[in-house]
Amino acid sequence: MPVRVLLVDDEPLVRAGLRAVLEAQPDMEVVGEAADGAAVIPLVRQTRPDVVAMDVRMPLLDGIEATRALLRTVADPPKILVVTTFENDEYVYEALRAGADGFLLKRARPAEIVHAVRLIAEGESLLFPASVRQLAAEYGDGAGNRAARAALERARLTEREGEVLRLMTRGLSNAEIAARLVVGTETVKSHVSAVLAKLGARDRTQAVITAYESGFVAPG
């Protein structure tokens, strides 16, 4: 089955460029387009995409609020890939905190766009881990974030789960974590699932942000 993608951006040229890149791939299909975040929820319900590629800055409803609304309203929501002009942008970090799964620069090369969508759809690795770390260092609350600290304390991660979370912050995939810890990939998948469940995290990105903002891992 192809990866189904919904494009949300107020610039028609950006949407056209993304569509051309993605539909050139045999395993990808653009199922719809929208010019503002306000149209996301009805379009998601209509087209059932696997990934929403969404601009972070839009005139009526921006990508941050659209992400919050989507995750709050839609059962089994799609993955959300924020598309942005600037990498070191507080809006991007707020979108990640709101529940987006990763971000992509508008100036990215076609191969990078395809890789990002595939990685987000698979959900087994962190997209641009160094950039997420940099954003957390600049805009995160660090160890002063009470909610993140409380989530980590409630989680009571085992020693091995803590190891897995640290490796997740470095962007390692399940297979890479398995090789590092000399265990099977299925074992790693079980540990990752346990970490996400204990932290109450939707995905790896949310778990990594909690790790940084709780002080469990230093983002610097």
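1. Rings of Phe, Tyr and Trp (its six-membered ring) pair if their centres lie within 6.5 Å, and planes under 30 degrees apart count as stacked, over 60 as edge-to-face and the rest as tilted. The structure holds 1 aromatic pair. Phe103 and Phe128 form this tilted pair, at 5.8 Å centre to centre with 55 degrees between the planes. Phe103 belongs to strand 5 (residues 102-105), while Phe128, 25 residues apart, sits in the loop between helix 5 (110-122) and helix 6 (129-139). Helices (H or I, at least four residues) and strands (E, at least two) are DSSP runs, numbered from the N terminus.

2. This is a predicted model, in which local features need pLDDT of at least 70 and side-chain atom pairs count only at pLDDT 80 or more, whereas totals for chains, interfaces and linings use all residues. Residues are numbered from 1 along each chain as its sequence is written, and side-chain values use heavy atoms, with hydrogens and water left out.

3. Phe103 is buried, with a relative accessible area of 1%, but Phe128 counts as partly exposed at 31% relative accessibility. Here buried means under 20% relative accessible area, exposed over 50%, and partly exposed in between (1.4 Å probe, protein chains only).

4. Do look at Arg57 too: its charged end sits over the ring of Tyr91, 3.9 Å from the ring centre. The criterion is NZ of Lys or CZ of Arg within 6 Å of the ring centre and within 35 degrees of the ring normal.
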